[in-house]
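Q: Please set out, term by term, the grounds on which the descriptions of the model below rest.

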Amino acid sequence: MRFSQFFIPTIKETPKDAVLKSHQYLVRGGYIHQIGSGIYNFLPLGKRVLDKISQIVKEEMDSAGCIEIAMGFVTPAELWKQSGRYEKYGKELLRFLDRKNNDFVLGPTYEEAITDIARNFIKSYKNLPVSFYQINLKFRDEVRPRFGLMRGREFIMKDAYSFHSSYEDLDREFENMHQAYKRIFTRLELDFRVVDADSGAIGGSGSKEFMVLADCGEDTIVVCKNCEYASNIEAAKRQKRVVDFDAPKAEFAKFSTPNVKSVEELSAFFRISSFYILKVVVKKVIFLPEKNMKPKLAFFFVRGDDELEEIKALNVLSTKNSNVLELVDASSEDIKSAGLCEGFIGPYSLRNITQSEFIFFDEDLREERDLICGANEENYHFVGVDLSTFEGLEYVDLAKVREGDICTCCGGVMEYKKGIEVGHIFKLGTKYSEAMQAMYLDQNGKMQPFVMGCYGIGISRLLSAILEQKSDEKGCVWTKASAPFAVSVIISNSKNEIEREFGEELYKALKQKNIEVLLDDRLERFGFKIKDFELIGNYKGVVIGKELENNKVEIIHRDGMQKTYLNAEIQEIVQFLENHK
Ligand code: ATP
Ligand code: MG
């Protein structure tokens with residue numbers, strides 16, 4: 001490709017709203033163009049990278065035995081009503097009517113559509129297992145579309161779905177996909193971790209995320225310094241905490257604590273570690289709109305120096321009550337009208353006072369003694385609290401794992417890392433097949449719901465993820481497999497006939513060897529061209545400049561900008577680039 005005849009609208013200025021380097025470079029390098037909030041056009045360079053990533057994903061999906069299909073972007077809402085997600089999915093689901101007033105949604109994910117295919121065409125266990133994939137647009141009306149391709153509203157995803165006649169077979173396919181995903185991200189030369197993920201209310205161990213490590217990552221992952229354990233913080237587990245300071249031993253008693261409300265104030269007042277304070281997080285439970293249920297309060301107790309992990313809290317509630325939609329913060333007003341004093345809430349008589357059926361204690365508090373908690377009376381706390389004297393307390397995993405907590409697998413110390421979620425594999429079980437009556441006949445002639453799995457990769461997000469991990473302060477740095485071109489041939493001075501001729505000859509020779517090459521033949525200054533090379537980030541560069549007089553050309557490796565010189569012999573250069581393709 002000739003730069004002069006291609007379309008690469010590079011720009012000098014950093015776009016105002018672009019905070020991440022990946023976003024800045026994709027816009028400045030002429031890869032993408034924003035046309036609406038969270039909606040982007042892919043310009044030729046962006047399309048090339050997108051195709052390269054898609055091709056790798058395609059190859060690995062095909063070789064893993066997955067069959068490619070393409071489902072309609074517009075999905076009849078009826079299918080979403082059958083699965084029950086039309087109500088549950090919330091505002092990210094874009095709903096609209098056609099001219100005949102029929103309801104539709106723009107596909108954010110395709111479990112419903114694929115389940116409809118399965119129930120129409122797969123009738124017998126003899127046709128199982130089978131798995132399908134597609135690479136196409138998705139639309140999610142994200143609250144905060146940001147960071148360019150990282151969190152768009154319209155984006156490109158590879159989504160795959162598998163159908164099985166047993167959970168064992170689903171486990172096999174889950175592992176098959178796990179390995180295929182590892183091959184994909186390894187081919188893209190990414191530093192990534194496979195982490196345990198939140199499986200929502202479905203529960204089980206059936207969900208893993210693939211995280212590209214990068215400081216800007218929106219996900220916090222917990223990794224063990226000693227073993228392979230890695231988990232999204234939303235699902236992370238830890239051993240029971242052990243501390244080396246003394247417990248505040250005291251007889252059970254009510255203590256006057258005027259105006260002492262927060263955990264910090266309490267620990268200063270009693271001169272104790274907040275480890276021994278019973279902290280309560282009060283949330284308001286919102287139910288599905290069509291159920292017409294009034295919001296209720298929920299109480300989550302954790303240690304004073306722990307934080308509530310909201311995803312864990314929501315999962316606990318969803319397992320208790322399938323009509324739960326979301327949790328929001330309870331206001332001071334909500335707390336007051338439940339008969340409680342903010343800052344002085346504790347477990348004693350809490351159920352009687354509030355009638356709440358949603359009172360939970362973090363696992364780490366199981367049967368703990370020597371605690372301090374609110375007395376449900378203004379300006380009073382209890383000391384010497386012993387939870388083992390209570391009856392029927394519900395202990396569940398609620399707390400956010402902290403850095404320094406201990407690994408449940410090996411006893412090692414755990415730490416945080418930041419990651420960008422680029423893939424997610426998930427055991428669905430029979431959630432959709434049951435809801436949508438998607439059945440097959442088993443070996444005994446009995447109707448059974450399909451056992452399903454689903455597997456996603458954020459294709460367009462991968463452009464951002466690669467750049468966040470690899471780029472430098474000069475511009476894009478792509479990996480070998482993802483760079484739009486393998487090599488840029490930069491003619492330093494296009495007016496110099498000898499340089500130009502050599503460049504043209506090299507360009508032809510490289511094309512003959514199927515090496516993807518961008519020839520910078522523009523009548524621009526060398527400084528301008530090299531800046532564009534740095535910004536665009538093709539894998540290697542060949543500079544044909546003054547050194548040609550000495551029979552030399554300069555080879556630049558974009559990652560690190562290291563330079564080497566080669567003899568100005570076409571065959572030698574082609575061979576060198578072929579070996580480094
Ligand atoms: P996130 O937690 O980042 O919102 P998600 O868990 O909702 O993502 P999935 O439903 O698991 O996403 O979708 C599969 C993949 O699609 C994700 O792993 C991610 O790489 C990609 N993806 C999801 N939402 C977006 C988005 N708004 N923009 C770009 N890629 C996305
Ligand atoms: Mg996910």
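**Terms and their grounds**

A: The bridge partner of F301 is F361, which belongs to β17. This is a predicted model, in which local features need pLDDT of at least 70 and side-chain atom pairs count only at pLDDT 80 or more, while totals for chains, interfaces and linings use all residues. Residues are numbered from 1 along each chain as its sequence is written, chains are lettered from A and ligands numbered from 1 in the order in which they are written, and side-chain values use heavy atoms, with hydrogens and water left out.

Q: Why is E421 called partly exposed?
A: Buried means under 20% relative accessible area and exposed over 50%, with partly exposed in between, using a 1.4 Å probe and protein chains only. E421 has 22% relative accessibility, so it counts as partly exposed. H424 falls in that class as well, with a relative accessible area of 21%.

Q: What makes E421 and H424 ligands of the magnesium ion?
A: Donors are N, O and S atoms within 2.8 Å of the metal, or 3.2 Å for Na, K and Ca. The magnesium ion (ligand 2) is coordinated by E421 through OE and H424 through ND1, at 2.3 to 2.4 Å. Because water is not among the atoms, sites may look incomplete.

Q: Which residues does E421 touch?
A: Contact means heavy atoms within 4.5 Å. Leaving aside residues up to four places away in sequence, E421 touches E209, F210, M211, D219 and R461. E421 lies in strand β21 (residues 414-429). E421 and D219 are 202 residues apart in sequence and 7.1 Å apart in space, C-alpha to C-alpha.

Q: Why are β13 and β18 called edge strands?
A: The open sheet of three strands has the order β13-β19-β18, with antiparallel pairing. β13 (253-256) and β18 (371-374) each have a single partner strand, so one side of each is left without a neighbour in the sheet. Neighbouring strands are turned by 30° against each other on average, direction ignored.

Q: How do you know that β18 pairs with β19?
A: Three bridges join β18 to strand β19 (residues 380-385), and the two run antiparallel. L371 has V385 as its bridge partner, and G374 stands opposite H381. The two strands form a hairpin with five residues between them, and N376 in the turn has a positive phi of about 55°.

Q: Why is α1 called roughly perpendicular to α12?
A: Axes are lines fitted to C-alpha atoms, for helices over the stretch in contact, and angles run from 0 to 180 degrees between N-to-C directions. Angles under 35 degrees count as roughly parallel, over 145 as roughly antiparallel, 65 to 115 as roughly perpendicular and the rest as oblique. Helix α1 (residues 21-28) and helix α12 (residues 459-470) pack at about 110°, with their axes 8 Å apart. That makes α1 roughly perpendicular to α12.

Q: Which residues of α1 and α12 meet?
A: K21, S22 and L26 in α1 meet L463, S464, L467 and E468 in α12.

Q: What makes α1 mostly covered?
A: Seven of the eight residues of α1 are buried, namely S22, H23, Q24, Y25, L26, V27 and R28. These buried residues pack against β1 (32-36), β2 (39-42), α12 and α14 (526-536). G30, which follows α1, has a positive phi near 75°.

How values were computed
Two strands pair if DSSP finds at least two bridges between them. Helices (H or I, at least four residues) and strands (E, at least two) are DSSP runs, numbered from the N terminus.
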